[in-house]
Structures are given as C-alpha cells and as structure tokens.
Amino acid sequence: MKEFIDNIPKAELHIHLEGSIEPKMLLTLAEKNKIRLRYNTIEEVEKAYHFKDLKDFLYIYTQGTKVLRKAEDFYDITKAYLSKVYSQSVLHAEIFIDFQTYSRRGIRSEIIMDGITSAIKDAKRDYGASAYLILAFLRHLGVREALKTLIEGVKYRDDLIGIGLASTELGYPPEMFEKVFEEARKYGFKTMAHAGEEGPAEYVRNSIEVLKVDRVDHGNRAMEDSDLVKMIVDRQIPLTICPLSNIALGNVKRLEEHTLKKKLDMGMLVSVNSDDPAYFGGYVNENMISVTKALNLTKADIVKLANNSFVSSFLPEDKKKYYLEMIKRYSE
Ligand code: ADE
Ligand code: ZN
C-alpha cells in the first residue's frame with residue numbers, strides 16, 4: 001500500500017509555505033542572514049516542535065519566518081518544497097503565502113513574490129509540475145489589515161489564484177471578514193477559509209454562507225452539525241483535511257478517531273494535505289500512509305482521495321480531466 005500511495009498522482013491544496021521550512025534549512029538561512037534563533041542544532045529545533053495548541057504553534061512558526069529576508073530565501077524554500085513533493089508524486093500544489101508577517105519587518109511583497117514565482121517557474125520547467133499561490137490573511141490582525149493586504153495582493157492578480165483566512169481561529173469568526181471576501185470576489189479571486197479546525201461548526205457554516213468560500217480548510221468540526229454536513233455533501237464543497245496537523249495541535253486525540261474515513265463514506269469531497277509539513281511530521285504521503293494505517297483505508301479510498309485532490313483544485317477543467325485519467329490508468 002505504501003508504494004501505491006507514494007506513486008499515485010495527487011495534488012496538495014493545503015500547505016503553508018512557511019510551514020515547509022525544514023530545521024536544516026532554518027539553520028542555514030539563519031546563519032546566512034545573521035539571524036539569532038533560540039536553537040543552534042537540528043536536535044534543538046526538533047525538540048522545540050511540540051505544541052499545546054494552534055496558538056502555541058503559531059508563535060514558534062512565526063519565529064521561524066524571521067530567517068526569510070531576501071528573494072533568494074523565498075526561492076530556496078519554495079524550490080525545496082516543490083522538489084520534495086514532486087518526489088511524492090504531487091503534480092500540482094496550491095500554496096498559502098503570507099504578506100503580513102513580512103510587511104511588519106519591512107520586507108516588501110515584491111521580494112516575496114519574486115522569489116516564490118521564480119521557483120514555481122523552475123519547477124514547471126524541471127518537473128512539469130504546477131503550483132498556484134493563495135494569499136492568506138492572518139485573522140488575528142483584523143479586518144482593516146486584511147483589506148490593506150487584499151489591495152496589495154491585487155498587484156499580483158496574475159500570480160495569485162485566491163485568498164484565504166488563516167491563523168488563530170477562535171475569537172475571529174468568519175463573518176468578521178465578509179467585506180474583505182466580497183471585495184476579493186470582485187477581483188476574481190477564489191476564496192477559502194480555515195474553519196472548524198479549532199472553531200465550532202458554526203464557523204464552517206458561516207464561511208460557506210457568509211463568506212461564500214469555494215473551499216473550506218480543515219472543516220473537521222462540521223461533523224457536529226448534521227444539516228451542515230448535508231449541505232457540504234449536496235453542494236460538494238471541498239474540505240482540505242490535514243490529519244497529522246490535527247494530531248500535532250491536539251485537535252484530534254488519536255488518528256484512529258479521525259473523521260476522515262467517515263467523511264469519505266458520507267460522500268464529502270475531502271482531500272489529504274500536510275498543512276505545515278516541517279512541523280507536523282510529514283508531507284502529504286506521510287499523512288496518507290498514517291491515516292491509511294489508522295483508519296484501514298482501502299486502495300479505492302486512496303484513489304478517491306487522489307481524485308478529490310484534483311477535483312477540489314482550482315485547475316482548469318481540461319487539466320483536471322487529464323489528471324483524473326492519469327489516476328485511472330495508474331490504478332487499473
Ligand atoms: N497557519 C499555518 N498553519 C495553520 C493552521 N494549521 N491553522 C491556522 N493557521 C495556520
Ligand atoms: Zn492551514
């Protein structure tokens with residue numbers, strides 16, 4: 001089964017670029033840019049990667065972003081992520097990036113976009129794999145900051161497929177951001193929001209009904225509202241599930257209790273993703289292998305998850321069809 005999972009063509013739709021900085025890369029960039037971190041060795045970094053909850057994780061994650069200064073740093077982390085996941089048969093990725101963390105340190109969006117888009121171009125040339133970018137708003141910084149960031153994002157309309165909400169969920173309900181999402185849709189951005197990771201089912205419902213998102217990130221706690229589950233199934237609203245993240249952040253106690261398989265069996269459009277692979281113990285394939293063991297997933301489940309990853313993507317219809325055919329041929 002591991003080999004089947006490793007080689008099946010797939011897309012990854014929920015990955016924060018900053019969450020892909022491996023400890024070795026973190027230390028290399030820190031040394032290069034003369035940034036003082038609290039750690040000196042890979043072992044020390046790894047020891048620090050134990051989290052009480054999302055807030056606790058976000059603090060350490062934000063510390064890690066301090067090593068990024070120049071376009072070449074953004075290039076290096078993007079290239080490292082794309083080459084790693086290409087080796088896992090990820091043929092398309094939709095990657096969250098953040099402007100707000102950097103603008104506060106005087107790093108302009110041009111620097112970020114220059115590095116990241118160059119790496120995406122090179123990956124396309126070298127592997128034929130594609131990647132789209134999603135601008136994430138940090139919900140704890142509020143609505144005005146999100147609107148300002150949206151205007152900044154419009155400059156890169158051709159390189160950003162969409163916008164999303166990330167960071168601390170509890171206390172920052174989706175409806176706060178209604179106007180931001182309404183504006184973003186006018187510019188033609190696809191929209192999504194982290195919801196139901198820590199927050200209640202109501203946050204998932206309001207992401208769909210008020211923000212009118214195209215996709216929900218996580219969405220785990222939607223299961224607490226059966227009418228909402230029915231709506232998600234009927235409307236085939238994609239949920240990007242991140243099993244190892246849910247365990248690392250204490251949102252699910254044991255993988256055996258994860259609702260991924262239930263969701264699949266109910267006909268929900270779920271995919272498996274890594275969220276922050278350098279922090280949570282694995283990339284998309286490690287996530288798939290772990291849930292397969294814990295939930296006794298079958299080959300048919302894996303094929304469905306791979307299919308769902310492309311169906312839930314923002315790729316054009318002809319590309320989706322092409323990849324679905326590829327999976328069909330692979331699994332016959
Ligand atoms: N940013 C990076 N990882 C995140 C997560 N799991 N939830 C919310 N915001 C995030
Ligand atoms: Zn996330």
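Residues are numbered from 1 along each chain as its sequence is written, and chains are lettered from A and ligands numbered from 1 in the order in which they are written. In this predicted model, local features need pLDDT of at least 70, side-chain atom pairs count only at pLDDT 80 or more, and totals for chains, interfaces and linings use all residues, while side-chain values use heavy atoms, with hydrogens and water left out.

**Exercise 1. Find the residues that coordinate the zinc ion (ligand 2), and describe the site.**

Step 1. Look for donors, meaning N, O and S atoms within 2.8 Å of the metal (3.2 Å for Na, K and Ca); water is not among the atoms, so sites may look incomplete.

Step 2. Check the angles. Among the four donor atoms they run from 85 to 173 degrees, and the site is irregular. Four donors count as tetrahedral if all angles lie between 85 and 135 degrees; four count as square planar and six as octahedral if opposite donors are over 155 degrees apart and all others between 65 and 115; anything else is irregular.

Step 3. Read the spacing along the chain: H-x1-H-x177-H-x80-D. Histidine 194 sits in strand 5 (residues 190–195) and aspartate 275 in the loop between strand 8 (270–272) and helix 14 (277–280), so this pair ties together parts 81 residues apart in sequence. Helices (H or I, at least four residues) and strands (E, at least two) are DSSP runs, numbered from the N terminus.

Step 4. Histidine 194 and aspartate 275 are both buried. Buried means under 20% relative accessible area, exposed over 50%, partly exposed in between (1.4 Å probe, protein chains only).

**Exercise 2. Describe the largest pocket and its lining.**

Step 1. On a 1 Å grid over the protein atoms alone, a cavity is a set of points where a 1.4 Å probe fits but cannot get out, and a pocket is an open set with protein on both sides within 12 Å along at least five of seven lines; lining residues have an atom within 4 Å of a point. Grid points are joined across faces, edges and corners, and a volume is the space filled by probe spheres set on the points.

Step 2. The volume of the largest pocket is about 390 Å³. Its lining has 26 residues, and Leu58, Thr62, Leu138, His140 and Ser167 are the closest to the centre.

Step 3. Helix 4 gives the most to this lining, with six residues.

**Exercise 3. Which residues line the largest cavity?**

Step 1. The structure holds one cavity of 30 Å³ or more, and the largest cavity has about 40 Å³ of space.

Step 2. Its lining consists of Leu82, Val85, Val90, Leu91, His92, Ala93, Ala129 and Ser130. Strand 2 gives the most, with four residues.

**Exercise 4. Is asparagine 287 buried or exposed, and what does it touch?**

Step 1. Asparagine 287 belongs to helix 15 (residues 284–295). Its relative accessibility is 0%, so asparagine 287 counts as buried.

Step 2. Leaving out residues up to four places away in sequence, asparagine 287 touches Cys242, Pro243, Leu244, Val272, Asn273, Ser274 and Gly282. Contact means heavy atoms within 4.5 Å.
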